[in-house]
Amino acid sequence: MSISIQQPALHDLTKLERIGAHSHIRGLGLDEHLNARPVGAGMVGQVKARRAAGLILKMVQEGRIAGRAILMAGPAGSGKTAIAMGMAHELGPDVPFTSIAASEVYSLSMSKTEALTQAFRRSIGVQIKEETEIIEGEVVEIQIDRSLTGATKTGKLTLKTTDMETIYDLGTKMIDSLTKEKVLAGDVIAIDKASGRISKLGRSFARSRDYDAMGADTKFVQTPEGEIQKRREVTHTISLHEIDVINSRTQGFLALFAGDTGEISPELRDQIDTKINEWREESKATLTPGILFIDEVHMLDIECFSFINRKLEEELAPIVVMASNRGMAKVRGTGYRAPHGLPVDLLDRVMIVRTGPYNPEEVEEIIKIRCQEEDTTISTAGISVLTSMAQQTTLRYALQLISCADVLSRRRRAKEVDVDDLKRAYTYFNDEKRSAQWLREQGGGLLVWDMDVKVTEPDEAME
C-alpha cells in the first residue's frame with residue numbers, strides 16, 4: 001500500500017487578535033527542576049497541580065510512556081482548562097495536543113467510537129524524515145519584467161553564498177511567491193525544489209547597517225557557506241488522523257479542508273499502521289504520542305468509558321488528560337453513582353490531580369494579569385473591589401466585568417477604571433446568586449414548567 005503524506009502549504013492567513021478566556025496563558029510557569037513558580041507564564045497558584053502537569057509533560061517529551069490517563073478534578077473556575085492550555089504551549093508545535101469537550105462525540109452523522117478514535121489518532125504524531133533539494137543563499141538582486149498588458153511576468157534571481165554566486169530564471173509562480181513573502185535584496189532565503197516553497201531565514205549581517213530595511217523584529221543571520229544547492233534531511237510532523245483522511249478520500253490532502261471526514265474504515269487504519277511500523281523499522285519515521293484533553297468528561301456514557309479503557313491498553317495510545325467538576329454523580333448510561341461521574345474500573349486506572357479554590361492573593365494576581373491582557377488600566381481601589389466581588393460571587397463573573405467597566409470608563413473619558421465603573425457594571429449584570437434571588441422574589445410572575453406534573457392530553461380531557 002502506498003500512503004500519501006503530503007502537507008498543504010498555508011500562507012496569508014489573517015490573524016485575528018481576539019482575547020479569550022485563556023489568552024493570557026503562555027505555559028505552566030515551571031522552573032528547570034519542574035517546580036511551579038507562584039506566578040509564571042500567566043499561571044497563578046495551583047502549585048501541586050501544575051507540578052503534576054509538568055511531570056506528565058516530561059513523560060510525553062521522553063516519548064517512552066503512552067496509554068496513561070490523568071483526571072483533573074476540582075470545582076468550576078479552579079484552573080483545570082487553564083492548566084491544559086499551559087501544557088499545550090509547553091509541548092510546542094511538534095508534539096500533538098488535542099482538546100475536545102465530551103459532548104462533541106455525540107453526533108447523528110458519526111458514531112461515538114469513531115469520534116473518539118479520530119480524537120485519539122489526532123493526538124499521535126508521526127515524524128517522517130526525507131531528503132530534499134534545497135536552494136539556499138543571500139539574495140543579491142531581483143529583476144522582474146512585466147509585459148505591456150501585465151499578464152505575463154519574467155525575471156531573474158541572483159543568489160550567493162560565501163563561495164559562489166548563481167543567477168536563476170523566474171517564472172510567474174515563483175515571482176508571485178517572492179512577492180508574497182516580501183523578499184528583498186539582502187534577505188537569506190531557502191527554496192524547496194520539490195514544492196517551490198520559499199522560506200525567509202532572516203537578513204544578512206552584511207545588511208545590518210541598512211536601516212531603511214530594518215524593523216524591530218528583524219532577525220540577522222550569516223550568509224550561507226558552500227554550494228547554493230544542497231541536499232538536506234527534512235522532518236515533517238503529521239498526525240495519524242491526517243494520514244487517515246488523506247488516504248480515505250480521492251482528492252488527497254484537500255480532504256483536510258472539507259470538514260466532514262465521515263467514518264474511516266478500520267481496514268484502512270490497519271494498513272496505515274502496518275506501513276508506519278515498517279517505516280519505524282527502517283528509521284524513516286518516529287511516533288510521538290501526544291496528549292488528548294477531554295473536558296467535562298462526566299458527559300461521556302458507559303460505552304465511551306469502556307472504549308477509552310480498551311484504547312488505553314493499545315501500544316499506539318496518547319496520554320489522556322480528563323477534567324471534571326462533579327462530585328458523586330451518576331455514570332451516564334447506568335444507574336450507578338460514582339466519584340466524578342466516572343466508572344470505578346476507569347478511576348482505578350487514572351492518576352487523579354486535584355485543583356482547589358484560589359485564595360484572595362491569587363485572585364488579585366489573576367485580575368491584574370487579565371487587566372494587562374485586556375489592555376485595561378484599573379485603579380488600586382478598583383482591583384480591591386473586584387477581588388472582593390470575585391470572593392462573593394465567582395472569579396469568572398469578576399473577570400467578565402473588567403471589559404464592561406473599561407467601556408464605561410472610556411465613555412466618561414477617564415484614564416483608568418475606577419470603583420464607580422465597577423459598581424455600575426455590577427448593577428447592569430447579575431451573577432448567579434442574585435439571579436436566583438430575583439427568581440425567588442418573582443413568585444408566580446414567570447412561567448415555570450414542572451416536569452413532575454402530569455399533563456392531561458386533549459383526548460383524555462374530552463372523555
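Buried means a relative accessible area under 20%, exposed means over 50%, and partly exposed lies in between (1.4 Å probe, protein chains only). The model is predicted: local features need pLDDT of at least 70, side-chain atom pairs count only at pLDDT 80 or more, and totals for chains, interfaces and linings use all residues. Residues are numbered from 1 along each chain as its sequence is written, and side-chain values use heavy atoms, without hydrogens and water.

Q: How many helices and strands does the protein chain have?
A: Helices (H or I, at least four residues) and strands (E, at least two) are DSSP runs, numbered from the N terminus. By this rule the protein chain has 14 helices and 17 strands.

Q: In which order do the 5 strands of the open sheet stand?
A: Two strands pair if DSSP finds at least two bridges between them. Strands S4 (97-101) and S17 (351-354) each have a single partner strand, so they stand at the edges and one side of each is left without a neighbour in the sheet. The pairing is parallel, and the order is S4-S13-S14-S3-S17.

Q: Which residue in S17 is the bridge partner of Leu-71?
A: Strand S3 (residues 69-73) pairs with S17 in the parallel sense over 4 bridges. In S17, the bridge partner of Leu-71 is Ile-352.

Q: How is the pair of Phe-205 and Phe-220 classed?
A: Rings of Phe, Tyr and Trp (its six-membered ring) pair if their centres lie within 6.5 Å; planes under 30 degrees apart count as stacked, over 60 as edge-to-face and the rest as tilted. This rule gives 2 aromatic pairs. With ring centres 6.0 Å apart and planes at 25°, the pair of Phe-205 and Phe-220 is stacked.

Q: How is the pair of Tyr-397 and Tyr-426 classed?
A: Their ring centres are 6.3 Å apart and their planes are at 75°, so the pair is edge-to-face.  Tyr-397 lies in helix H11 (residues 395-411) and Tyr-426 in helix H12 (residues 419-428), 29 residues apart. The class of the pair is thus edge-to-face.

Q: Is Tyr-397 buried or exposed?
A: Tyr-426 has a relative accessible area of 25% and is partly exposed. At 10% relative accessibility, Tyr-397 counts as buried.
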